[in-house]
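Student: Please show me the structure, and then let us go through it by question and answer.

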Amino acid sequence: MSADASDLSLVRRVQRGDKGAFDALVLKYQHKLVKLVMRYVRNPAEAEDIAQEAFIKAYRALPQFRGDSAFYTWLYRIAINTAKNAVVSRDRSPVEYDLDRNNNDESYDMQGRMKDSETPEGLVLTDEIRSTVNAAIDALPEDLRTAIVLRELEGLSYEEIAAAMDCPVGTVRSRIFRAREAIDRRLREVFEGGLGRAEELG
Amino acid sequence: MSRPSRSSGRLASLALAWAVASVAAAEEAAPKRPIEYTPTGWLERMDQALTTRNYDGTFAHWQGGRVEMLRIIHRVQDGTVSERLASLDGSGREFIRTGANLTCYLPDRRTVLVEQRPAEESLVSFPTVNDQTATFYDIREVGHMRLNRRDTHVIAVSPKDEYRYGYQLWIDESTAMPLKSQLIDAHGQVIEQIVFASLTLSSRIADSAFRPEISTEGFQWLRNDATPHPQAGASALAWSATNLPPGFRMTVRSAQILPGSVGAVDHLVFTDGFASVSVFVERQSAPSGQPPVPESAAVGSSSAFSTVVDGHKITAVGEVPPATVRYIAGQLKAQGAAAAGR
Amino acid sequence: MNEELDSQLSAMFDDELLPAECELLARRLSRDEHLKARWGRYAIIGAVIRAERGVRLNAPLAGRVNAVLLAEPALTADTAPRDRNQARLRWWQPLAGAGVAAGVAAVSIMWLRAQAPLPGAPQVTQVTAPGQAIVPTASSAAQGDSYVVPRPKPAAVMVPSTELANYVVAHSMFSNPVARRNLLSAFMASESPAAGTQEPQSNVKAIAQ
């Protein structure tokens, strides 16, 4: 299994004119990219703007991407450069530490909530998503929970997880899939049930 | 089991009830043995499913290094076969058949081809595997495996010579539909593959499922005329092939007019029970201004070959290696004085 | 069958899907809004597990990027890495210059296609061992060398596409059902370069043994 085949297959489609494939790449990496940019810019809304800019720069630069490095690595570098430029141009110190804020999840949530309240009706609140997902994960059978946490939190490959859990790779794949299914079932309710439209893709 | 008579009646009835129950339980508990089919039997079941069941599915068609997604809808109702095969990848091409009426929508060429097939053709069946076939193909079950959560029997049809292609078919155990099929050349290379991504066998499919979705405004329509050309009968007798590749024999001979063609076209079909090759014979129209068909062509993994014999253009088309169509076309000979220009 | 698709989606999200399967799924993913939405929710699940605090989980970022890209010119095939199958011939095109050198056997069958070969697929089908001629029947021994195929003449002319199309459609009524589906599918195939380029797993030998 060649590494990065997943991203590469999407990248190749984009390089051939399929913009829809780029959506998938954005959806996959948007949170990571925003998180990354927030090292430079603390305001989430501003971080999102910069991340957006980074994605667009990546799209325009895609013809030069040859697959020598992993796509995310390449995207990551573009995002850092974009963030640094934004900070420099706004004459801000790149790292603004507020120890209280960093440790106080509450205030981040509040900030998130504030932001969400300014957004149009029908969008689901971040904290509601978070609590739904967390509750769903808590409700998972242990083998499913372990598998998906090892995958998402530790970033282990299926083979590594198989070794850690002493089971076949196929079982790992199945457990992770079933974990996602179970969580997604609840998540879909939150998105689609009663609050109007589902995710904003356009 | 001797007991005081007072309770013997009750025990007896209990015993009887138990006996009845246990027999029933034994019947239920006995494992149901699946009917075991021979490899050829699987092929027959598969052919039957493909041609008589109603189904609607999407599949990936891989050939020549490219993958396409297509949708297929098939229905048999009141003895009439309706089919629709549509490209899902933007070419917009569709093939729709209702009974004897075949329509090809080619939006990329702004053309619609309409072919009215002869009514009696529906009585002609496709090639069927028979005892003779085993002489030229090795047919065996090479696996029993899960594919897309379905139990399938993997049947390999291996040709014994290079005149024909081989197949490997993953046949669904319960419906006998080929969930995956591969075409294999003489070197064991897969040269074509179809894998179903979704497949539904339904009892009812509405007529609306067979209506095209594209607008044909401004398109060129090419139709054929189903009535045989008056001279068709005479010319059909004139052509035959000697020295066919082993196992091939002629099964069908007809004459018709194809869309866009000038005169009658003789259509001969040769088959070895599995593969089939059509040979079309057409009187060559005046050379000026009419470009000849190239010698060889490929339609996916099928081969076509054309040559000119005695003022007639002979084209062979079939799902066989190129050399086979070339050979068969080269074997067509006109009998008697019917050959023009002699 | 949808479960299989979603399972593949999950595996592809983790980059644990075979390249050939990625190619197919990538196409579907780019066009299927439901699949895309599910993919997006997978990303959200991951973000929650990593407790990426402060990050808005449902930000309309993808939508905004999409909106901007709508105005951007689409990247063209020129920008794509060179497709090794670019020399592929369409079935209505002439085969000028398509000749392939014959092998050294006494009788050989030439593969006349002009398509670039599949990786690993031989260009010449070396059919017989020396001395083992292919002769259809004993009585045609004299004509046995009709199997030796000369190089095709160059400069063949464009075939009117409808002619071969007619033959294909007419023949399809006499093919076995599996072959018929192959034939008509190929006929329906689009000729755009946007298709995937992976070859299917050739598990013939694996299964046979």
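Student: In what order do the 12 strands of the open sheet in chain B run?

Tutor: This is a predicted model, in which local features need pLDDT of at least 70, side-chain atom pairs count only at pLDDT 80 or more, and totals for chains, interfaces and linings use all residues. Residues are numbered from 1 along each chain as its sequence is written, with chains lettered from A and ligands numbered from 1 in the order in which they are written. Strands (E, at least two residues) and helices (H or I, at least four) are DSSP runs numbered from the N terminus, and two strands pair if DSSP finds at least two bridges between them. The pairing is mixed, and the order in chain B is S7-S8-S9-S10-S11-S1-S2-S3-S4-S5-S6-S12.

Student: Which strands of chain B are the edge strands?

Tutor: An edge strand here pairs on one side only. In chain B these are S7 (137–147) and S12 (220–223).

Student: How many bridges join S10 to S11 in chain B?

Tutor: S10 (residues 178–184) and S11 (residues 190–201) of chain B run antiparallel. Leu183(B) stands opposite Glu192(B) in S11(B). The number of bridges joining S10 to S11 in chain B is five.

Student: Is Arg180(C) buried or exposed?

Tutor: Arg180(C) is in helix H6 (residues 177–188) of chain C. A residue is buried if 20 or more other C-beta atoms, placed from the backbone, lie within 10 Å of its own, exposed if 12 or fewer, and partly exposed in between. Because Arg180(C) has 21 other C-beta atoms within 10 Å, Arg180(C) is buried.
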